[in-house]
Every structure is written in structure tokens, then in C-alpha cells.
Amino acid sequence: MTGARTGFDKVVASAAEAVADIPDGASLAVGGFGLCGNPIALIEALLAQGTTGLSVVSNNCGVDDWGLGVLLNAQRIAKMTSSYVGENKEFERQFLSGELELELTPQGTLAEKLRAGGAGIAAFFTRTGVGTQVADGGLPRKYDGAGGVAIASPAKEVRTFGDSDAEYVLEEAISTDFALVHALRGDRHGNLVFNRSARNFSPLAAMAGRVCIAQVEELVEPGEIDPDSVHLPGVYVHRLVHVGTDIEKRIERRTVTEPASSGTPSGKEG
């Protein structure tokens, strides 16, 4: 399988078939917000396929044993572009040891870089990051393994506009070879509906990929999704895999409240 599927029916038989032509060294935009909406079936198929040297753009890199973390643990990722990487100890180890390159990007800026890439906008100016190393350069992107910085972020263009003294930094759009996303529902034409916070980054990642591959929990026929309910139109989607509703979903950090003991108000000692 090469390139995008032709025709209106974009459903493929398996996750393995859907990712079969992703080569070593490819760039990927991967949807999800924390562990919400991670396209785990596609990620695991890519792991089984053995693809390596990947450059991945995603809000985060999963956790040590789930999400993008499974590719990271197998050392299949060469570079991550992310806004948050704080839940993955293996990520920290690989980054500090010089095995992994990281382009740390403010969360809203990352979202807009992906959206711009999908919309054909080459770059944009934003106030986010002005006066910091995001604009001035010098953020470590890769260490040399001995505590030194092998690659640092470059300085970016900063401008003012009109009569305002406010400064804006130039950020370039992101487009990738492929995109992997998880959707709650999709039809055979590729129209997708995302669930709650999974919608934060998944439509943007899908737009940024030149070939977008989506796994869907519920596959329906064209016309069964109200057009007004579509979060991402099928024009951006090239392949779909039906994974069902019983696919594993993880909670990133479970927090529970201990019940107050009987006769003790607010849990305080009496």
C-alpha cells in the first residue's frame, strides 16, 4: 500500500495494513491529550512492524508502558516535538543521555503549528514565548551524553506590528508524512467525531498529516453522522480501521478521595 486510498470508502481491514507503508525515518503527527484518545492499535501495529527513526509530533509521549511510550521504550523514536513530557521516566533517561532529540513547544503554539500545517499556512506570529528561550534560542534539544548540549534551539524572528510595542515571535507550521488519530465514531467516508478532551489535539494532528490514518471505536455508514456533529471532515482522512468499543483505555493519574470516617467531620481527627 502506498500513498492515500482512492475512492470514498476508506476502511482497511487491520491496523497492520493501515500503517504498512510508514517507512523508517518518517514524521508522524499523533493525536491524543494525555492518555485520552491515544491511537494505541495503530501505535502497536507500528511497533510490531519494526519501523524506527521516527520523528513524532504529539502533545505528550504517553507513559512508560502505554501510548507513544511503547515506541519510545523500543527506541523507535529519534525526535519528539511535544508540549509536555513529565509522566515518562524513560523519556527523561533517553533525553538526558543524548539518545533522543526534543523540541519542547508551548501547548497552544503546538496546536496552532499543527492547524496551520493542515490549513496551508506556512508560519504565524504569536506573543507566546516572547522574552524566553522559546524566542531567544538556547533551549537544549539534544544532549551529548556527558552533560553538555549537542543541539540547542535557534533564535526566532521577533517583530512588532503597527503602532503597538507588543512583540511577536515567528513560529513555523508543522506538517508531517503521516498522522495517527483515535476517534469515537467515523463513517466510511472518513468523517470523524472525537470524544471530549481527545478533541483537543486529534483534529489538528489529523490535518497536519499528508496521509491521515484513523482508528475508530464505532464505524457507521455515510449519512449516519449529522453533518453538524462532524469534528473533522473526511477530506482530511485517508484510511480508517474499526477497533471496537472494548479497546483498552488508560487513566494517566488516578486520584480518589478517601471517605471521612464515621462521626469525624471533614476527615479531621476528633
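Where is Ser 153 found? I looked there first. Ser 153 is in the loop between β7 (149-152) and β8 (158-160). Strands here are DSSP runs of E with at least two residues, and helices are runs of H or I with at least four, numbered from the N terminus.

Notes on the source. I am working with a predicted model, in which local features need pLDDT of at least 70, side-chain atom pairs count only at pLDDT 80 or more, and totals for chains, interfaces and linings use all residues. Residues are numbered from 1 along each chain as its sequence is written, and side-chain values use heavy atoms, with hydrogens and water left out.

**Entry: Ser 153.** Is Ser 153 buried or exposed? I find Ser 153 buried, at a relative accessible area of 11%. Buried means under 20% relative accessible area, exposed means over 50%, and partly exposed lies in between (1.4 Å probe, protein chains only). I then listed what Ser 153 touches, leaving aside residues up to four places away in sequence. The list is Gln 133, Gly 137, Gly 138, Leu 139 and Arg 141. A contact means heavy atoms within 4.5 Å.

**Entry: the whole protein.** I count seven helices and 13 strands in the protein. The radius of gyration is 21 Å, close to the 18 Å that the globule rule gives for 270 residues, so the protein is as compact as a globular protein of that length. That radius is taken over C-alpha atoms, and the rule is 2.2 Å times the number of residues to the power 0.38. Along the principal axes, the C-alpha atoms fill a box of roughly 65 × 50 × 45 Å. Of the 270 residues, 45% are buried. I also checked contacts with a separation of 6 or more: residues 24 or more positions apart account for 71% of them.

**Entry: helix α2.** This helix covers residues 40-49. Its buried residues include Ile 40, Ala 41, Leu 42 and Ile 43. Ala 45 and Leu 46 are buried too. Gly 50 follows α2, and its phi is positive, near 90°.

**Entry: salt bridges.** How many salt bridges does a search of the whole structure find? The search gives twelve. A salt bridge is a side-chain nitrogen of Lys or Arg within 4 Å of a carboxyl oxygen of Asp or Glu.

Lys 79 pairs with Glu 103, with the closest N and O atoms 3.2 Å apart. The pair links distant parts of the chain, 24 residues apart: Lys 79 is in strand β3 (residues 77-82) and Glu 103 in strand β4 (residues 101-104). Lys 79 is partly exposed at 21%, and Glu 103 counts as buried at 16%.

Glu 171 and Lys 113 also meet in a salt bridge, at 3.3 Å from N to O. Glu 171 is in strand β9 (residues 167-172) and Lys 113 in helix α5 (residues 107-119), 58 residues apart. Glu 171 is buried at a relative accessible area of 1%. Lys 113 counts as buried at 5%.

Asp 177 and Arg 210 form a salt bridge at 2.9 Å, N to O. Asp 177 lies in strand β10 (residues 176-187) and Arg 210 in strand β12 (residues 209-220), so the pair ties together parts 33 residues apart in sequence. Asp 177 is partly exposed at 28%, and Arg 210 is partly exposed at 48%. I noted one network as well: salt bridges that share partners join Asp 9, Arg 188 and Glu 221.
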